[in-house]
Number of protein chains: 2
Amino acid sequence: MSDISFQKAAYAQACLARGISNPNPAVGAVIVKNNKIISRGHTSVYGAAHAEVAAVKNAANSKHLQNATMYVTLTPCCFTGKTPPCTDIIIKNKIKKVVIANKDNNPAVYRKSEKYLRRAGVTVSYSFNKEIKKKCFLLNEDFFYKNKYKLPFIIAKYAMTLDGKIATYNGDSKWISSVAARRKTHSLRLHYDAIMAGTNTLLKDNPLLNIRYIRHKRSPLRIIPDASNKLPPDAKVFTSREPSLFLVNQNPSPAYLEQIKKNNKQYMKFSTRNNFFNFKTVFKKLATAYNINSIFVEGGSRIFGTLFTANLINKYYIFIAPRILGDGKNAVSPITVSKKIKSIKAALVLQNTAVQTIGTDLLIEGYVDFKTIANLQKYIA
Amino acid sequence: MSDISFQKAAYAQACLARGISNPNPAVGAVIVKNNKIISRGHTSVYGAAHAEVAAVKNAANSKHLQNATMYVTLTPCCFTGKTPPCTDIIIKNKIKKVVIANKDNNPAVYRKSEKYLRRAGVTVSYSFNKEIKKKCFLLNEDFFYKNKYKLPFIIAKYAMTLDGKIATYNGDSKWISSVAARRKTHSLRLHYDAIMAGTNTLLKDNPLLNIRYIRHKRSPLRIIPDASNKLPPDAKVFTSREPSLFLVNQNPSPAYLEQIKKNNKQYMKFSTRNNFFNFKTVFKKLATAYNINSIFVEGGSRIFGTLFTANLINKYYIFIAPRILGDGKNAVSPITVSKKIKSIKAALVLQNTAVQTIGTDLLIEGYVDFKTIANLQKYIA
């Protein structure tokens, strides 16, 4: 086997961590001795073993690790967080060489890790394979983005008809997309740290915003914007067991706070203006105080309009179902901004788009500003 | 070479006739002698040679036709129209056998043709290859549909953004789709007998509704619904050289009719109600009096709404461009019906959909009722 195939094997491990490791990045590692993979590992749930530790633990005989090479998709950590530093484990087990796909884009982290390892006699080298580096990077684009901008990576997802409608005039949207598309939505939810819906959607649809349809080891945090305490006590985001973080105004009623506490949910106070949050402020806080890398926003048209106008959306996932509703004037369009847009030239052009067929539907994904995202790679060796 | 490959060669010829032969169906023929193709032909422009005649004429030596086999995609005609009957040409040239892919779905035609040929000693057989028969059929679905239902096959085409908009609130739509998509639109226009736009679109956009971008040998008829004589004398559908058929009310002004005649255009009177035509009546008349098999309708939202409500659309071609406009409340949606639709379950589900990438856009096509279209094939042997 070749160097490239070992890197691919480490990437395959990283893929297994997706949706499990959050808010830790999805990382994979393989350990190679005499040109053979002797162990594999990936990041486990938050607070449990990182990929490097898992790979070391998974080795049949720890003596074999001596003088071995570790292929890992991200710079090994050098700090004690919920777990001991990975650099220490590597050094302690006398691994001789580490081949890294993505540099941590916090320069303090990757420089310190490099220094530790080299000082202990471990050779540190970086992958030259652009394709693998890109794949590893895209798996954790939200982590890299938050590291750099101190803002969560925001994903907007909606399902619309072939005539551009996400609901009838009276809010019916069940179901525009196929079962397969809904299942895919749940696997996308799982990829990200948090799930959010707008107040109107929470009131109208009373969604669970949790993971169903697919097996999962964690529940993304539900972010519930409710600037005017409108949500009734029987809202599912109160009563179901998954974690919820309510965004409330500066003076929530005692009854409302009691309701939150009673259900073992969390809340955070933010100032409002005409009953609207400033979502840039909210997101900054969620990134720094809650370590949230990414938020998967599922509509409706008002919250999309607010986030679109504030230029806070980074990526779109749009399902298109082969339905025609008609009723162009009354049915609900995906995104409602508060001003009239005069020219098609003013429209946003999504970049790096991709399309796939999911059941009877199409799923189109695209970035608002892929250059900014791609530039995060300049931190990657 | 095998029987199937000769049938495929005949189909390939038929494809060459697409957009040329209208309103005649696109038909191809090859003549085979000693297991070799000795001649090929396809239907030419309306009034010129049919495929069978072209294939006979293209033979290097007419003596070789004796005892040859002709593979043809549609029942040879047996009547004198603009050209002499194809059955006569086959008999006169002593072709021994005819293998047909699609039976003409006018039973009077195919029975009579069969009888003529058999009586003259020509063996008539039908293809057993479903795939080829289906391909030949789909090439002429509009012709078969009009034969059966005495209504033109109606195609709705629009280009929308990823948030379901075909124009800004003030009508700007230049350009939602890419140059490649617009070029594709012109090749689609050419496939069909006629092109139509709604009155609002004609007034706002002053479109040419002709073929540009691509080479072409004919100009589809432009159908111009103008129930209240609103179009100004400098409208391009008046002044440009391609044929236009104006649909006018029962009492058009003399000045308006003069305008039509001066520009060498045609008109047809229809009764109106609140300044609207009954398009079912209009289309029936266009099918019978004008021999129009198909109309390619290019919007806007009002005419689509009218045709959608009247259940007159047979097929959709929808371009989706990777743009996000926002402004869900004000920007123009593709289809506007005059009633509020309460439930997603009431939405039309397109059938036999297909998707392709055209430049930076997607092109989705689908049928409103594919079963009805497919049932036309029961006339196909």
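Author: A residue is buried if 20 or more other C-beta atoms lie within 10 Å of its own, exposed if 12 or fewer, and partly exposed in between, with C-beta atoms placed from the backbone. This is a predicted model, in which local features need pLDDT of at least 70, side-chain atom pairs count only at pLDDT 80 or more, and totals for chains, interfaces and linings use all residues. Residues are numbered from 1 along each chain as its sequence is written, while chains are lettered from A and ligands numbered from 1 in the order in which they are written.

Reader: Why is Asn264(B) called exposed?

Author: Asn264(B) has 10 C-beta neighbours inside 10 Å, and exposed requires 12 or fewer. Therefore Asn264(B) counts as exposed. Its phi is near 55 degrees, a positive value in a residue other than glycine.

Reader: What makes Leu209(A) count as buried or exposed?

Author: Leu209(A) has 25 C-beta neighbours inside 10 Å, and buried requires 20 or more. So Leu209(A) counts as buried. Phi of Leu209(A) is also positive, near 55 degrees.

Reader: How many residues of chain B are in contact with chain A?

Author: In chain B, 48 residues are in contact with 48 residues of chain A; contact requires C-beta atoms, placed from the backbone, within 7 Å.

Key: Contact = placed C-beta atoms within 7 Å.
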